[in-house]
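Subject: The structure I promised you

Hi,

Here is the structure we talked about, ready for you to open in your viewer. Have a look around first, then read my notes below.

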Amino acid sequence: MHILMLAAENGALPGGKVGGIGDVIRDLPRALVARGHRVSVVTPGYGHFSCLPGAQAIAKTALAFGGERHTVTWYRVPSQLPALEYFAVEHPRFNVDGVGKIYHHDSPERPFATDATRFALLCSAVARGLVEQALPRPDVLHLHDWHAALLALLQQHDGSCRSIRDIPSVYSIHNLSLQGIRPLTGDVSSLAAWFPGSSFPLADMVDPRYSDCINPTRAAIRLCGKIHAVSPTYAQEILSPTDTERGFVGGEGLEADLRDAADQGRLVGILNGVDYPDTAHPRLSRQVLFEHALETVVAWRSTEDLRMHHVAIERLEQWLAAPADDAPVLTSVGRLTVQKLGLLLQGLEGHTVLEDLLSRLDDGRLMILGNGDAALEGRLTEIAARVPNLVFLRGFAERLGNDLYSSGDLFLMPSSFEPCGISQMLAMRAGQPCLAHSVGGLRDTIQQGVSGFLFSGATPAEQAANLLTCVDAALAMWRKQPQAWQALREQAAAQRFTWDAAAQRMEEELYVWGGG
Ligand code: GLC
């Protein structure tokens, strides 16, 4: 079967990954190809993928968008497998923020304004490219998250797309907290501005909460043949409304559409995977782990002279003076977002949950690696400057990420919600048990007391309290029951979340239309 995927990121290309979608688009196509399929992956080129070695312009397509004529150029970018093709589409809009920048960060007053227009152009270009056969016609169109969602609307409701209407489509929900919502009219970034004169049926696309807005995610959920959520638990959670007071993140306004999809047998939860290489990343002594971290931060400081790097360097030098091999090292790796860190940074009687956690570690230490939300980076730096057993490594480096996965004792993932999550699988793969919130993909990958620790709670305050009790229990086991801990490590390392298993379920439950 030939599957054409459309996404904003492709982690297989240098500079092609920002978050978890990049990982999925790097790995899933290869797993499908290994099972005998042909996969084409389309992303914007961002002025960058088209300049990668071996990239070749293959076609140009003219299209109407925003009341003007535009021309986009299609590039084929080399992949390592004959049955896997990467396409990058270029237009000056795709590098508005500078070459290679995937997302634009719009102000909170005009959420998604720039990106919604860029991705509406992407979807228009792909629709046109398919109609004019600049892109190969697939047996299935697989759209990933809101960036690709408008293609479903165009495919079903744009008169010029009749010839591609019958291509079956699948929509993957990676994170419902981002839906790409924009006004219907009255803004340069609105449905009327992108497609002037269009008469798309409102019922399929208007946002259920804001009746003057288009919701691309909703359109895709209503119009695609199959809807895929990235873990079985997340597929259940999104059927219920989000309830902030209870600290529950669910359907984010789209629960009714998702329940319809579930009732119609269109909604499927399939866990993402990770690769299991033959050789494992080595487990490092405390000394070497801290040295690697120090080397990395010193390199970062040489290009960006930030206070957070100075704080981290000072802390790592202190730790190196007394590496404390008999004290636990807790780790956390991931993008710094409210989703991932909100629970740790919430207030608890005048201080944060994170500070409470750090005070319970005694001589134990916590290393946090990642970047993202500037406000969260600031708060972490402020705490790290005061509290001696925290180091905040602000940035990302693959080697250091692998060092933390392989050499930490307990991996923290207290996300308030987690559609799938990848870091916990990488930590487990390296034999590091995880302590995580029992939600979404975390619940589907970690077994309480067997391969890690899970906490839950009926309100954010209860979740925070249970998180702390859970840390106490985990550390007591680490200190007093080395054999039980070893068994936990072995169980974590023995779990298999393979992409082959995910790809097989996709064949059976998503790509169900046959085809050549
Ligand atoms: C999003 C989700 C994450 C998931 C990833 C890939 O980033 O937040 O949980 O693992 O997409 O599907």
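Predicted model: local features only at pLDDT ≥ 70, side-chain atom pairs only at ≥ 80, totals over all residues.

**The ligand**

At Cys420, a polar backbone atom sits 2.9 Å from an oxygen atom of the ligand. Asn175 uses its side chain instead, with an N or O atom 3.3 Å from a ligand oxygen. Gln339 also has a polar side-chain atom in range, 3.4 Å from an oxygen atom of the ligand. As for how covered the ligand is, on its own it would expose 310 Å², and the protein buries 91% of that area.

**A pocket between the domains**

Next, take a look at the second largest pocket, which has a volume of about 380 Å³. Its lining is made of 14 residues, and those nearest the centre are Val18, Lys101, Ile102, Tyr103 and His105. Here the classes come out as 3 nonpolar, 5 polar and 6 charged residues. Where does this pocket lie relative to domain 1 and domain 2? Both domains give residues to its lining, so the pocket lies between them.

**The cavity**

Rolling a probe the size of a water molecule over the atoms shows where empty space is left. The count comes to 1 cavity of 30 Å³ or more, and the largest cavity holds about 30 Å³ of space.

To see what surrounds that cavity, pick out Ala116, Phe119, Ala120, Cys123, Trp146, His147, Leu150, Trp194 and Pro216. By class, this lining has 8 nonpolar residues, 1 polar residue and no charged ones. Which helix gives the most to the lining? That would be α2, with 4 residues. Helices α2 (113-131) and α3 (145-157) each supply at least two residues of the lining.

Happy exploring!

Notes
Residues numbered from 1 in each chain as written. Heavy atoms only, no water. Polar contact = N/O pair within 3.5 Å; in protein donor to acceptor, adjacent residues only side chain to side chain. Areas by Shrake-Rupley, 256 points an atom, 1.4 Å probe, with all protein chains shown as cover. 1 Å grid on protein atoms, 1.4 Å probe; cavity = no way out; pocket = protein on both sides within 12 Å on 5 of 7 lines; lining within 4 Å. Points joined across faces, edges and corners; volume = space filled by probe spheres on them. Nonpolar A, V, L, I, M, F, W, Y, C, P; charged D, E, K, R; others polar. Domains from an automatic or database assignment.
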